[in-house]
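I opened my notebook and decided to look things up one at a time. Come along and check each entry against the picture.

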Amino acid sequence: MKHPALNLSAWSNRLAVVLLCWTVPAMAATPANNTGVADAPPGNPDPSAIRVLLAVDLETTLSSQMSGTINALNVSLGQRVRKGAMLAQFNCVEGRAKAKVNDAELAMARQGLEAKRSLRNLDAVGDLEVSMAATEVQKAEGALALTNAQISYCDVQAPFQGFVAKVYVKPFQTLAAGTPMFDLISDGALKVRLNVPSSLLPRLRVGQALQVSVNETAKSYPARISAINARVDAVAQTVELEAKLNDKYPELSAGMTGTARIESPSR
């Protein structure tokens, strides 16, 4: 009968099983790339990358320039509009009626002026009466111009080509003057906003190239610095920059985020 301590073959088999159990999980935890080197663990960003935000070049909030009721709402959220497109129309029956009254008053004032001039030629009236009649004509012209300006507020038009980013109003809603109606953003190339350490300021130049990596698309896009803030944030010790992408990219939208790497300026 053999002693268990002398059964070297059994002990070798057990040791091989233990080593195999340790080795397999360790290999699975560090996957290798095609070069045989383990990839870097995820969630470890490049410390030299600068956070950026994509923004439109031009945006505005269109507000009501008059008090009134909306007759027609011609656009919806996300719709693309051309410059001068009719976004909404107010009920302007009262304004147009007032314009007719002002037009009649202007015609009457002009007739009165002509009559005074004819009488002046006959020395029937003095220069003062002619001057007062001329003033009445100017007053009527001003009233008509004011009414026409107010009527122009009935049509809300797009000041530039772009997209409707937000709609605040509803059809047949009655608004007060100054009430927000639409957010409109331009459809040109997006700009990039970023804050860099103020220590980099001596090396920054307008027109300097940078590469912008966008998180949502996982792609990199070329851009150039378009503006450098003249004031440094003393608390954060950063300076604000703006850059413009070199082209329009349909897959990009305002509000996307990412990182940028500033290239060294060419000498």
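**Entry 1: a bridge partner**

Before anything else, I noted that this is a predicted model. I started at T69 and looked for its bridge partner in β8, which turned out to be T174. Next I asked how the two strands run: β3, residues 68-73, and β8 pair in the antiparallel sense, over two bridges.

**Entry 2: the sheet around that pair**

I then wanted the whole sheet. In what order do its four strands lie? I read off β6-β5-β3-β8, an open sheet with antiparallel pairing. The edges are held by β6 (155-157) and β8 (174-175); each has a single partner strand, so one side of each is left without a neighbour in the sheet.

**Entry 3: a second open sheet**

I followed β2 to its partner β9, residues 180-186, and found five bridges between them, in the antiparallel sense. As a landmark I wrote down T61, which stands opposite D183 in β9.

A reminder to myself for looking at strands: in a regular strand the side chains alternate between the two faces of the sheet.

Is K191 buried or exposed? I found a relative accessibility of 10%, and because buried means under 20%, K191 counts as buried. K191 lies in strand β10, which covers residues 191-197.

Then I listed what K191 touches, leaving out residues up to four places away in sequence. The contacts are L53, L54, A55, V56, D57, E242, A243 and K244.

To place some of these, I checked the strand pairings of β10. Strand β1 (residues 50-55) pairs with β10 over four bridges, in the antiparallel sense. Within that pairing, L54 stands opposite V192. β10 also pairs with β13 in the antiparallel sense, over seven bridges. There V192 has A243 in β13 as its bridge partner.

**Entry 4: the disulfide**

How many disulfides does a search of the whole structure find? I got one. A disulfide is a covalent bond between the sulfur atoms of two cysteines. In this model the disulfide joins C92 to C154, with an S to S distance of 1.1 Å. The pair links distant parts of the chain, 62 residues apart. I found C92 in the loop between β5 (86-90) and α2 (93-121), and C154 in the loop between α3 (127-152) and β6.

I also looked up the handedness: the torsion about the S-S bond is about -70°, so the disulfide is left-handed. Both C92 and C154 are buried.

**Entry 5: two positive phi angles**

Last, I went through the backbone angles. F172 has a positive phi of about 70°, although F172 is not a glycine. I located F172 in the loop between β7 (162-167) and β8. F172 has a relative accessible area of 61%; since exposed means over 50%, F172 is exposed.

Q237 is also not a glycine, and its positive phi is about 55°. Where does Q237 lie? I found Q237 in the loop between β12 (219-233) and β13 (238-245). With a relative accessible area of 55%, Q237 is exposed.

Notes
Residues numbered from 1 in each chain as written. Predicted model: local features only at pLDDT ≥ 70, side-chain atom pairs only at ≥ 80, totals over all residues. Heavy atoms only, no water. Pairing = 2+ DSSP bridges. Buried < 20%, exposed > 50% of the residue type's maximum accessible area, 1.4 Å probe, protein only. Disulfide = S-S within 2.5 Å. Contact = heavy atoms within 4.5 Å.
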